Amino acid sequence: MTGTSRTIKVDTLARVEGEGSLYIKLVGERVADVKLKIFEPPRMFEAFLRGRHFSEAADITARICGICPIAYQMSAIHAIERALGIEIDPAVRRLRRLFYCGEWIESHTLHVYMLHAPDFLNYADVIEMARDHREVVEKALRLKKIGNRIVQLLGGREIHPISAAVGGFHRVPTKQQVRELVPDLEWALAASCEAVQWTSSLEFPIFEQDYEFVALRHPDEYPFNEGRLVSNHGLNIDAAEYEDHFQELHVKHSNALHSVMRGRGSYLVGPLARFNLNYDKLPAAAQEAAAKVGLQPPVKNPFRSIIVRAVELVFACAEALRVIREYEPPAAPRLDAPNRAGSGQAITEAPRGILYHRYALDENGLILSAKIIPPTSQNQRRIEDDLREYASHLVAWPLDEATWKCEQAIRNYDPCISCATHFLKVHIDRDKP
Amino acid sequence: MKSKSRQMQIIGCGNVDRGDDGAGIFVAKRLCELGIRTEVHAGDALALLDRWCSDDDVIVVDAVVTCSAPGTVHVWDSGLAGSGLPNAARDAAISSHGFDIAKAIELGRALGKFPARLRVYGIAGQRFERGAKISPAVLAAIDAAVQRIRAEIPNPSTC
């Protein structure tokens, strides 16, 4: 196609959250420009938090996202607990892991089956897919409902839960209540293993990149709430050091700041990073499910993230069952959290990747400053880098197919543009060299 | 699960904290005040599919965005030929934040999880900002929708 000029334009990229557009300029066979334009207006949550009492942060930040509110609550609460010097009850810590399992099950199920799978099977959306794959979609609905149930039990409601608090929870479930989840979760565990098999049967484009994977790593656990931040290129830091190593940059074409590693550039957070850096911490059921389909780290093909998400579904179900079987309610739902001046940082693993929060508090417990860096703004530059490389493989493709492939490549990251600042449009411009 | 016997269900959907988006909830509450059993649905739209059985007669009330004047009450009736949900609703995007009600209904239809009859009352809204007051046109339309639904139900279940 050298010497030709083509424009690919998709006004509406579905199955991502938020409002933005993608612009790709091709000159002959060269990709001249890639811009993931995010025109979602800034949402100002960091400013909303200033002057509010720390006890309000969990409920305010939960409103940032409808699918990962628990991640926001957990990062906010852990950072504030660090600022206040609070050590939580181990039973509360286990409950928070169960809470996070619910969110991962909800979010990964939605993305694997309903947002990403239609790309691989050539359907416009899950509704079209459901007509030919009814059992698969019904299974997805049941899985998602089980995630919703966990979130409702621990958080008080399915969407924007309200029970998480600094020091613990406003209310904790009884042993009986959590044990009632077991039959559903046993079914979900088996269904998740089938999801690994099913996703591995999809066809994947041949595309690998030399990523710097960044994720939490904990000595004993596949990461949710705790751990050091590590990478495959030698990063190994505490959350308190995050801003020494990462930098947010404003770029003209995006209302979401681009996060880069100082002196190194883009990096990748999310399921691929967690899997590649923490495979040894996965429970046996998840490792076995991955091994059965030949999935071993390092996975460098971002399209295969759909299988990794399915493996993380296995993990989330197995981990939920483990927590439930060991569950003893904490002595008190939450510890007292007296006002105190201080500052604290925390990183937790949202379904889409690491979520960093920092808070400074005054002696009355009022928030002096807040910093929130969501996973999508951390992956934003990496998505552009992927597209810059991937689009060069697509120059000879018909416009509509090339566009479809670019949208699929974006959905590898399950981007949540609302979190990063909402809707994506793709525009590919082709000029003569 | 609901019982197998045919049930009349009236489900008000929306978010009362976002101005006119609360219209469906307000219709459900008014009907309940009149002694008619209704339900309110404010969570995951996909969960709507678990609320009905294939024998049920369902009315869903929600705010909609259309080209018509604020307060216009649209009715889409699955029992009438050619009265499917409008294209604009079907074409709404599915996103990582889940499904809207139109998409959930379309998914239900694809999966055969669809009631015997479904009527969607869509009240055209004007303002949907967080914390906004409900607009006068929609307030009037709520009364109109209540009267219309009430007239359509010969033997309503009581609250």
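Predicted model: local features only at pLDDT ≥ 70, side-chain atom pairs only at ≥ 80, totals over all residues.
Reader: Which strands form the open sheet of chain A, and in what order?

Author: A sheet is read by listing its strands in order and then the sense of their pairing. In chain A, 3 strands make up an open sheet with the order 6-7-8, and the pairing is antiparallel. Strand 6 (214-217) and strand 8 (236-237) of chain A are the edge strands, each pairing on one side only.

Reader: How many bridges join strand 6 and strand 7 of chain A?

Author: Strand 7 spans residues 228-231 of chain A, and its antiparallel pairing with strand 6 runs over 4 bridges.

Reader: What does the domain assignment of chain A give?

Author: A domain may be written as several segments. Here domain 1 of chain A is 7-42 + 388-431, and domain 2 is 45-211 + 262-377. Taken over C-alpha atoms, their centres are 27 Å apart. Their contact takes 15 residues from domain 1 and 17 residues from domain 2 of chain A.

Reader: Which helices each supply at least two residues of the side of domain 1 that touches domain 2?

Author: In chain A they are helix 13 (375-392), helix 14 (399-411) and helix 15 (417-420). Helix 15 of chain A gives the largest share of that side, 4 residues. By class, the residues on this side of domain 1 of chain A are 8 nonpolar, 3 polar and 4 charged.

Note on methods:
Residues numbered from 1 in each chain as written. Chains lettered and ligands numbered in written order. Pairing = 2+ DSSP bridges. Domains from an automatic or database assignment. Contact = placed C-beta atoms within 7 Å. Nonpolar A, V, L, I, M, F, W, Y, C, P; charged D, E, K, R; others polar.
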